[in-house]
Structures are given as C-alpha cells and as structure tokens.
Amino acid sequence: MLSKLLRPLVLLVSLACVSGCGIIDMVYLPPAEDTAQEIYEAANDAMAEKNYVRAVELYNKLRDAYPFSPYTTEAELSLGDAYYLDGEYVLAAETYKDFESLHPRHKAIEYVLYQIGMSLQRQFRSIDRPTTELQEACAYYERLLQQYPNSQYAKAARERILECRRSMAEHELYIADMFWHMNKYGPAWHRYTYVTENFQDVPDVAEHAASKAVVAYREYSAQRNEERRESREGTWKDWFRWL
C-alpha cells in the first residue's frame, strides 16, 4: 500500500528534475549555432531585399565561421556583389580580387574580371582627378577580352574600355587647358600633342587637342622669341651701365 502511494510522488520528483534540467539548459547553455546553409540563405534574402549592409554582415559571418563549407565560395563572390551594389567600390574591387586569387579556375572568373573593372571604373569621379583606377580598369577589361574572347561580357568590356579611354583623354585635355590658361604654352603644347598621339580611339578629343596644339605651339614660339629679345636688351643695358 505504501509503495502505491510513493510511486506518484517519485514520478512528480522525476518530472521536476527533468523540467529543472531543461530550464538550466535554457539559461546556461549557448544557443544552437545557425548552419552554413541557414546563414547563406539569410544573406541571400537580405540581398533580395536590397539590405546590402546586412548581407555583407552575414556573408562575412559565413566566411569566418565556416571557411570550408561548400556555401562559402559562393558567399565570397556574393560579398563582392553586395559591396558593389551598396556603392562601396573600393571594397568591392578588393573582394573580387581576393576571389580571383583564391579561386582562379572558378566558372565565374570572367564575371569577376568584368566586375573588378567596373568597381575600379566607378571609383573615378571627375576629370580633375588622377586616372590610376581607369588605367587599371582597362587592364582588367583587356584581360577579360584576351582570356575569354567569346564571353558574354566581351561586348560590354569593349564599351567600358572606350568610356575609360574617353575619361582619360578628357583628363589630359583638362591638364593641357590648365597650362594654357596659366600662359605656360610649352607644357600645354606638349600635353595637347600627347593627347593627339595617344588617343586616336577618341577622335573628337584627339582632333580638338590637335587644333589646340597648333595654337599652343605658335604662342610658345612667340613667347620664346620675346624672352630672347628681352634677354638681348637686358644684355645691352647691362653693357651700357658698365660703360
């Protein structure tokens, strides 16, 4: 009879212990980590929602937590896209370059080369700034055309090269015009001549530079003649003073 009464009591104590363990687990044990697939899918959802900052955070989390996951390679590529779409062109170029170094034979390399060029080209803001990024962008577009002549990005790469070349030519023309307005006709003439000789693929700029080069050279010659005349007159004046 006593054993029958004790049995429910033992059951209640056991349940309390189990319940207590569950509560302890909830309070003290760390929560289960998201899987690589869950993080990757959450990052892709953020991209679809154009929440690029969140996407960058998640792609980086996946890369750091699961470096050998099959999802990580795609996350590294998508990370570059997230930076690019968010207007972070310096970070985008660096990320795409890292991807090419890590996965040189990946099927998306032709896309990566194109995106590196685009990321570099987008860093150029105005003709009064250096054209270093444009020159590097052209180099990547040309690599794409050499390595993947039949690429779906080949036509766009050729168009981007012409855009870069035009901006580079206009930058050189801007520098030449600055010399002209400062009455430094010799440097202006040399710069106009440089544009004429090196940017024949931008014909309207090259033709304009050629016409300005002619005028700049005429002004430069007149300037030099005047300097020589003043130098001679100065010599005679000095001679008479000595007398």
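Author: We will go from the overall fold to single residues, one feature at a time. Please keep in mind that this is a predicted model.

Reader: What share of the residues in the protein is buried?

Author: A residue is called buried when its relative accessible area is under 20%. Of the 243 residues in the protein, 36% are buried. The surface can be described too: the protein exposes about 15,900 Å², and carbon and sulfur atoms supply 56% of that area.

Reader: Which contacts should I look at to see how distant parts of the chain come together?

Author: Look at how far apart the partners are in sequence. Among contacts with a separation of 6 or more, 53% are between residues 24 or more positions apart.

Reader: Now two helices together. At what angle do helix α2 and helix α4 pack?

Author: Follow the axis of each helix and compare their directions. Helix α2 (residues 36–48) and helix α4 (residues 70–85) pack at an angle of about 20°, and their axes are 11 Å apart. Angles under 35 degrees count as roughly parallel, so α2 and α4 are roughly parallel to each other. Their crossing is left-handed. On the α2 side the contact is made by Ala36, Gln37, Tyr40 and Met47. On the α4 side the residues include Tyr71, Glu74, Ala75 and Leu85.

Reader: Which residues is Tyr96 in contact with, leaving aside its neighbours within four places in sequence?

Author: Start with where the residue sits. Tyr96 lies in helix α5, and at 1% relative accessibility it counts as buried because the cut-off is under 20%. Its partners beyond those neighbours are Leu77, Gly80, Asp81, Tyr84, Tyr111, Val112, Gln115, Ile116 and Ser119. Take Ser119 from that group: it is 23 residues from Tyr96 along the chain, and their C-alpha atoms are separated by 9.0 Å.

Reader: And Glu172: is it buried or exposed?

Author: Glu172 is buried, with a relative accessible area of 13%. This residue lies in helix α8 (residues 154–181). Apart from its neighbours within four places in sequence, Glu172 is in contact with Arg191, Tyr194, Val195 and Phe199.

Reader: Next, charges. How many salt bridges does the count come to?

Author: The general idea is that side chains of opposite charge can pair when their charged atoms come close. In this model the count comes to 11 salt bridges. One of them joins the side chains of Arg143 and Glu100, at 2.6 Å from N to O. That pair links distant parts of the chain, 43 residues apart: Arg143 is in helix α7 (residues 132–147) and Glu100 in helix α5 (residues 89–102). Arg143 is partly exposed at 27% relative accessible area, whereas Glu100 is buried at 15%.

Reader: Which helices hold Arg166 and Asp204?

Author: The side chains of Arg166 and Asp204 meet in a salt bridge with an N to O distance of 2.8 Å. Arg166 lies in helix α8 and Asp204 in helix α10 (residues 203–242), so the pair ties together parts that are 38 residues apart in sequence. Both ends are partly exposed: Arg166 has 32% relative accessibility, and Asp204 has 43%.

Another salt bridge is formed by Lys212 and Asp177, whose closest N and O atoms are 3.4 Å apart. This pair also links distant parts of the chain, with Lys212 in helix α10 and Asp177 in helix α8, 35 residues apart. Asp177 is partly exposed at 21%. Salt bridges can also join into a network, as with Lys155, Glu159, Arg160 and Glu163.

Reader: Last, the backbone. Where does Lys50 lie?

Author: Lys50 lies in the loop between α2 and α3 (52–65). Although Lys50 is not a glycine, it has a positive phi of about 60°. Lys50 is exposed, with a relative accessible area of 62%. Asn183 has a positive phi of about 65° and is not a glycine either. Asn183 lies in the loop between α8 and α9 (185–198), and it is partly exposed at 43%.

Methods: Residues numbered from 1 in each chain as written. Predicted model: local features only at pLDDT ≥ 70, side-chain atom pairs only at ≥ 80, totals over all residues. Heavy atoms only, no water. Helix = DSSP H or I, 4+ residues; strand = E, 2+ residues; numbered from the N terminus. Buried < 20%, exposed > 50% of the residue type's maximum accessible area, 1.4 Å probe, protein only. Contact = heavy atoms within 4.5 Å. Salt bridge = Lys/Arg side-chain N within 4 Å of Asp/Glu carboxyl O. Areas by Shrake-Rupley, 256 points an atom, 1.4 Å probe, with all protein chains shown as cover. Axes fitted to C-alpha atoms, helices over the stretch in contact; angles between N-to-C directions. Parallel < 35°, antiparallel > 145°, perpendicular 65-115°, else oblique. Left-handed = near helix turned anticlockwise from the far one by under 90°.
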